[in-house]
Amino acid sequence: MTVSRALALLVAEGVVVTRPGSGTFVAERKEARGSADRGWQNAALGERRVDASGVALGLLPVPAGVVPLIGGYLPESLRPERALAAAGARAARRPRAWGAPPPEGLPELRAWFAGRAGCAPDDVLVSGGGQAALWLTLRAIVPPGGPVLVESPTYPGATAAARAAGFVPVPVPVDGEGVRPELLIEAFARTGARAFYCQPTFHNPTGTVLSPARREAVLAAAREAGAFVIEDDFARHLAIGPAPAPLVAGDAAGHVVHIASLTKATAPSLRISGIVARGPVAERIRAGQLVESFFPAAPLQETALEFVSSPAWPRHLRAVAAELRRRRDALAAALAAHLPEAEAAPPPGGLYLWARLPDGVDDVALAETARAHGVAVAPGRPYFPAEPPAPHLRLSYCAAEDTAALTEGVRRLADALRATR
Ligand SMILES: Cc1ncc(COP(=O)(O)O)c(C=O)c1O
């Protein structure tokens, strides 16, 4: 296995060539071309650049020996890799697997997403991962150069997508019950925004669940403004306690566009999501997906369908919930014991503790120092679309090897904090 992989890599790099029937040979060396001048591209491309730094950070591997209190996907030990591999193998062999699926997605998978969102299967478009769905939805709704309201703090991937598309993210503060409705109403009125991006359930980074009264208030604010709510339901299946019904379930008039991704509860490469949209916006999003990428690959849709409709899915969710609870509690206990200066309320779901640091601490500098002390953490600053009101860290409890590693990570973080003061 290792030798054939090494050979495949050498072939891909052009170092060797394989000749069927005769063997593998060292390839002829091509003359090196010297370093070409590609500076002309800067003039041709102009200033419209994409800043993906906030997103890329969480995808980079953490060096060996560094405790990862960073990262937003389940660790390998918690991924249902065997079940996915079996589902994938079966999916790839199905007769329809490599043809074009219906452009809206496999009917059974649309029905599965519809069941979760409390809507009709026809309201669902099967899309790529949550990030692709978000990018598609934002561009379907927000006019060129227009404002889009976002929670503050929020997921940096959402602000990066909005900025890359030329939109202006406008922050609306959240507290322990989610977004503050009076400030949302005021922001709609002040900016004329047509969309509010939010995560009402296990919000990234704070873990907050939007309270029942505020759910009503958010829907009322959108109705009043004649605007859309983009509900990013990324962490529904990472519930530690009960999860409320999604916002979309209480909206008949089509204000809510709901995005449900499968990656977070399964594996980063199961890049399948369901977008629920009703009315003309649904048509726009569908057309957008067609012109952008046609449809998500059928074998991946089949794999997702096979896995989520098998008995392995509820079993997997129960195992994930139990393990996340253990990890969340261990991280909270380690903070209380070794880093009492950091205040963090344990969230009812998701993968993160959002730790408020003492005033005056530079969270970005602390994250750098922490790495030198052997622990990787995410500074709070990129989560704020504008100036942060206070320093924070986002501490992930999903990626470390076990609870002992979480405690060790916090000890190292405490050393780093003391070193910076
Ligand atoms: C809030 C939120 N939404 C969406 C995504 C995108 O995830 P994916 O594209 O893997 O579904 C992430 C990933 O970190 C996230 O944190």
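Analyst: **Strand E5 and its surroundings**

Strand E5 and strand E6 (residues 168–175) run parallel and are joined by 6 bridges. Helices (H or I, at least four residues) and strands (E, at least two) are DSSP runs, numbered from the N terminus. Two strands count as paired if DSSP finds at least two bridges between them. The model is predicted: local features need pLDDT of at least 70, side-chain atom pairs count only at pLDDT 80 or more, and totals for chains, interfaces and linings use all residues. Residues are numbered from 1 along each chain as its sequence is written.

The chain goes from E5 through helix H7 (residues 156–164) to E6, a right-handed β-α-β crossover. Right-handed means that, with the strands pointing away from the viewer, the path from the first strand over the helix to the second runs clockwise. E5 also pairs with strand E8 (residues 195–198), again in the parallel sense, over 2 bridges. There, Leu 149 has Phe 196 of E8 as its bridge partner.

How enclosed is E5 (residues 147–152)? Of its 6 residues, 6 are buried, so E5 is largely enclosed by the rest of the structure. Buried means 20 or more other C-beta atoms within 10 Å of a residue's own; exposed means 12 or fewer; partly exposed lies in between; C-beta atoms are placed from the backbone.

Arg 48 is a contrast. This residue lies in the loop between helix H2 (40–45) and helix H3 (53–56). It has 7 C-beta neighbours inside 10 Å, so Arg 48 counts as exposed. Arg 48 and Ala 164 are 116 residues apart in sequence, yet their C-alpha atoms are 8.2 Å apart in space.

Next, an open sheet. It has 4 strands in the order E3-E13-E14-E12, with mixed pairing. Strand E3 (67–69) and strand E12 (352–356) are at the edges with a single partner strand each, so one side of each has no neighbour in the sheet. From one strand to the next, the twist averages 30°. E12 and strand E14 (residues 392–396) run antiparallel, with 5 bridges between them. One of the pairs sets Arg 356 against His 392 in E14.

Two helices pack on this sheet. Helix H13 (residues 363–372) touches strand E13 (375–379) and E14, and its direction makes about 165° with that of E13. Helix H14 (residues 403–420) touches E3 and E13, at about 85° to the direction of E3. Axes are lines fitted to C-alpha atoms, for helices over the stretch in contact, and angles run from 0 to 180 degrees between N-to-C directions. Contact means that C-beta atoms, placed from the backbone, lie within 7 Å.

H14 has 18 residues, which should span 26 Å at 1.5 Å a residue; its end C-alpha atoms are 26 Å apart, which agrees. The expected span is 1.5 Å times one less than the number of residues. Buried residues of H14 include Leu 406, Gly 409, Val 410 and Leu 413. Their cover includes E3, helix H12 (312–338), H13 and E13.

Last, the domains. The chain divides into domain 1 (55–72 + 313–420) and domain 2 (83–308), with bounds from an automatic or database domain assignment. Their C-alpha centres lie 26 Å apart. Domain 1 puts 23 residues into the contact and domain 2 puts in 27 residues. On the domain 1 side, H12 and E12 are the elements that give two or more residues. H12 gives the most there, with 7 residues.
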